[in-house]
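Take a look at the fold below. Then follow its aromatic rings.

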Amino acid sequence: MAVFTEVSDKDARDLLRRMSLGSFKELRGIQGGIENTNYFLTTDQGEYVLTLFERLSFEQLPFYLHLMKHLAQAGIPVPDPQAETRSGDILLKVCGKPAAIVNRLPGKSQLAPQPVHCAAVGEMLARMHLAGQSYERQQPNLRGLPWWNETVPVVLPHLGEEAAAMLRAELAYQNHVAASPSYAALPRGPVHADLFRDNAMFDGEKLTGFFDFYFAGVDTWSFDLAVCLNDWCIDHATGAHDAARAQAMISAYQSVRPLTGAERELFNAQLRAGALRFWISRLWDFYLPREAALLTPHDPTHFERVLKQRIDHPLALG
């Protein structure tokens, strides 16, 4: 796990005294994750997740936490931020860091998804997008195009000639797409923007929830769908498209919210954008790591392969 801030049992007990979540039983670190410090927090009333935010500020966090609260109240199965008893605040402070406690979702991640799992994700993603339309807070996707433009020059010196050329060319292509009338016509709203297989929970074939909304922001809904397809619906050894799983996800999504003409036109461009975003962020994490206990950055070449597949084998929606 990535532990940037050590939280003691005493810290947890002190926090629980401010909450109505029962008496402390256990605090243990969660494996996985490279952005925040996460713990499972067990009380005599239930299971919770304690997150300390290492990059996001007190000013940025209300967007994420209130989005989760909004979606939970709309019936979308997401973690529901818990409030301090007296103040009613859902943005907490632990060890000097911004923090939150949310209820722990039941089930486990499905890391070898079948079409039925992909369909469940697609349907719920569309429901989530529609539920988010009434969310009034605004914050852009902080890992969107402006961040790509800032970060690519930082990581380029670490790449070989061929990879660097592809990265520069794809960034230029995405800037061109973003300036087009078709892109301006894409429906948008709050998106998860990081809905990988390890950020959803299942009980068998039943989807029990989405979590880890801390890359969320206002962006195009088709970008959110593309990020999902690039993780749930590919062969992970090669990055190649898996047609059966992708068709299940896209069809289920469209059963709730049909894609527009502009979304269909730019669908492969969005798949490329989703691959580019995570190639850049993984390059950044790999070559410019932060110190943390047991932090292992993800392999950036994985999304280099995914991007190459999306360029060489474009997916066209009729």
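This is a predicted model: local features need pLDDT of at least 70, side-chain atom pairs count only at pLDDT 80 or more; totals for chains, interfaces and linings use all residues.

Residues are numbered from 1 along each chain as its sequence is written, and side-chain values use heavy atoms, with hydrogens and water left out.

The protein chain has 11 helices and 9 strands. These are DSSP runs numbered from the N terminus: helices are H or I with at least four residues, strands are E with at least two. The radius of gyration, taken over C-alpha atoms, is compared with a globule rule of 2.2 Å times the number of residues to the power 0.38. The protein chain has a radius of 20 Å, close to the 20 Å that the rule gives for 318 residues, so it is as compact as a globular protein of that length. Along the principal axes, the C-alpha atoms fill a box of roughly 55 × 45 × 35 Å. Of the 318 residues, 53% are buried. Buried means under 20% relative accessible area, exposed over 50%, and partly exposed in between (1.4 Å probe, protein chains only).

Now the rings. The structure holds 11 aromatic pairs. Rings of Phe, Tyr and Trp (its six-membered ring) pair if their centres lie within 6.5 Å; planes under 30 degrees apart count as stacked, over 60 as edge-to-face and the rest as tilted. Why is the pair of Phe53 and Tyr214 edge-to-face? Their planes stand at 75°, with the ring centres 4.6 Å apart. This pair links distant parts of the chain, 161 residues apart. Phe53 is in the loop between strand 3 (46-52) and helix 2 (61-73), Tyr214 in the loop between strand 8 (206-210) and strand 9 (217-220). Phe53 is buried at 1% relative accessible area. Tyr214 is buried too, at 9%.

Trp147 lies in helix 4 (residues 145-155) and Trp284 in helix 10 (residues 267-287), so the pair ties together parts 137 residues apart in sequence. Trp147 is buried at 11%, whereas Trp284 is partly exposed at 22%.

The charged end of Arg143 sits over the ring of Trp147, 4.4 Å from its centre. Here, NZ of Lys or CZ of Arg must be within 6 Å of the ring centre and within 35 degrees of the ring normal. Arg272 lies over the face of Tyr173, 3.8 Å from the ring centre.
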